[in-house]
Amino acid sequence: MVRPAATTTWENWARTACAAPARVVRPRGEDEVVAAVLAARRDGLRVRVVGAGHSFTPAAATDGVLLRLDALRAVERVRTRPDGTARVTVGAGVRLRELNATLAVRGLAMPNLGDIDHQSLAGAVSTGTHGTGGRLPGLAAQVVGARLVTARGDLVDVDAGSDRGLLELARLGLGTAGVLVALTVEVVPAFRLLAVERPARLPAVLESLQQDVDTHDHLEFYWFPHTDRALVKVDDRVPDDVDLPLPRLRRLVDDELLSNGAFALVCAVAGARPSLAPRLNAVAARGLAARRYTARSDRVLVSARRVRFREAEHAVPREHVADVVRAVDAWVRRTGEPVPFPVEVRFAAADDVWLSTAHGRPTAYVAVHQNVRLPHARYFDAVERIVAEVGGRPHWGKLHGLDAARLAPLYPRFADAVAVRRRVDPDGLFANAYVDRVLGPVA
């Protein structure tokens, strides 16, 4: 039996979206998801699903029924191949950090991961979460099957052979295909990474960037606005017997004391005195130190992020990324906009997922962040204008100002995804204001 919780106010992690749903439902199994969807349809309420609430957009907001699928997190099936790769079917509500630990016990791993692991698997996939690596696609491209509850209350399994269009909308469609209850993902044998981090000058980073991306399994860099300094991070696979642990004290100092504790203080100072942002960045950049260590893949790829911020991220053709970063640098210098957060640049291979930001092209991601105590609109709008010159596609789960009319020309299969949405949810049961803005209303 579905047990609705008392009406409550929901707010996302970044505090950029909130909602007052008519009811919150926490199904304990797939039958209760079906019951919740049918009850919402009967009562004339829309349905949205929330995971960890790490989308910066109001993608999960609703005044109808808010579903929390935390109980749907079990591993259902692991089908291992002779080469060690596998297909794993798992409940859609599982958090990525739990999935990583579960896979590791079985000698498996996700081939790539985003910067954090707090999200639910369904939420990460549905919003286009990606990691970094010039030969590696985002998480949605790893999804080869799904089980979902449709707008009619049917529980269906889908893969590319049964209904390619529905699979595409299910694996990256902002929850508009239905309620995802299980996903089947392609995983690989567990692997270790050698992480090498080094401070560098931005002009040198941009000069050798394309070659460096092709050379390493994973590459990303963080540039400190108001300076020409950056931190470059490269991660490459190494044999299991290569053991170069990071001393516990060094990890504590770097990842907790400096990256979170001291950075929180920097943000507090910049929030109170925005004019100090350039000097604070210069001090922080000069304090960057090189380090080198090995660890299990997810422990290298995932970072602890405890400082709250706002974020916009845009996918641009890889060949244009250096020009985009230079343009952002020029804008910050020209306007004096206080930006105490680094700009993060990552990479992905081209893929064929219909609504993937890397669809059909090798991609670079330029992510800009702002302190929660400082206004972000002017900065984010400026970056949006810069990337628009090279066909930039905004991350579906991060802040942007585009609507369906502006997004449609950026995606060769946009119309196909919209057609599938209208086919499977003609009444907009799984809609809200955000998805209607970016995909267009169904009616």
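Student: How many bridges join S8 to S12, and do they run parallel or antiparallel?
Tutor: Six bridges join S8 to S12, and the two strands run antiparallel. Keep in mind that this is a predicted model.

Student: Which strand pairs with S12 over two bridges?
Tutor: Strand S9, residues 108–109, pairs with S12 in the antiparallel sense over two bridges. There, alanine 109 stands opposite valine 188 in S12.

Student: And what about S10 and S12?
Tutor: Strand S10, residues 143–149, is also an antiparallel partner of S12, with six bridges. Valine 149 has valine 179 in S12 as its bridge partner.

Student: Is S12 enclosed or open, and why?
Tutor: S12 spans residues 179–189, and nine of its 11 residues are buried, so the strand is largely enclosed by the rest of the structure.

Student: Back to S8. What does S8 form with S7?
Tutor: A hairpin, with five residues between the two strands. S7 covers residues 75–80 and S8 covers 86–91; they pair in the antiparallel sense over five bridges. In the turn, glycine 84 has a positive phi of about 95°.

Student: Which residues other than glycine have a positive phi?
Tutor: Arginine 15 is one of them, with phi near 60°. Histidine 226 is another, at about 75°. Most residues other than glycine have a negative phi.

Student: Where do they sit?
Tutor: Arginine 15 is in the loop between strand S2 (10–11) and strand S3 (18–19). Histidine 226 is in the loop between S14 and strand S15 (229–238).

Student: Is histidine 226 buried or exposed?
Tutor: Buried: the relative accessible area of histidine 226 is 17%, and the cut-off for buried is under 20%.

Student: S14 came up. What does S14 pair with?
Tutor: S14, residues 218–223, pairs with strand S18, residues 343–348, in the antiparallel sense over three bridges. Tryptophan 223 stands opposite valine 343 in S18.

Student: Which sheet has S14 next to S18?
Tutor: An open sheet of eight strands, in the order S16-S13-S15-S14-S18-S19-S17-S20, with antiparallel pairing. Its edge strands are S16 (291–296) and S20 (393–394), each of which pairs on one side only.

Student: Switching to helices. How do H4 and H13 cross?
Tutor: At roughly 100°, with their axes coming within 9 Å. H4 is residues 160–171 and H13 is residues 414–424. The two are therefore roughly perpendicular to each other.

Student: Which residues meet there?
Tutor: From H4, Asp163, Gly165, Leu166 and Leu169; from H13, Ala417, Val420, Arg421, Arg423 and Val424. By type, the contact has five nonpolar, one polar and three charged residues.

Student: Which residues of H13 are buried?
Tutor: Phe414, Ala417, Val418, Val420, Arg421 and Val424. Seen down the axis of H13, these buried residues fall within an arc of 160°, so they line one face of the helix.

Student: What covers them?
Tutor: The cover includes H4, helix H12 (404–407) and helix H14 (433–439).

Student: Last one. Where is glutamate 11, and what does it touch?
Tutor: Glutamate 11 is in strand S2. Leaving out residues up to four places away in sequence, glutamate 11 touches Ala17 and Cys18. Glutamate 11 is partly exposed, with a relative accessible area of 48%.

Student: How far is glutamate 11 from arginine 299?
Tutor: They are 288 residues apart in sequence and 28 Å apart in space, C-alpha to C-alpha.

Notes: Residues numbered from 1 in each chain as written. Predicted model: local features only at pLDDT ≥ 70, side-chain atom pairs only at ≥ 80, totals over all residues. Heavy atoms only, no water. Axes fitted to C-alpha atoms, helices over the stretch in contact; angles between N-to-C directions. Helix = DSSP H or I, 4+ residues; strand = E, 2+ residues; numbered from the N terminus. Parallel < 35°, antiparallel > 145°, perpendicular 65-115°, else oblique. Contact = heavy atoms within 4.5 Å. Nonpolar A, V, L, I, M, F, W, Y, C, P; charged D, E, K, R; others polar. Buried < 20%, exposed > 50% of the residue type's maximum accessible area, 1.4 Å probe, protein only. Arc of directions from axis to C-beta. Pairing = 2+ DSSP bridges.
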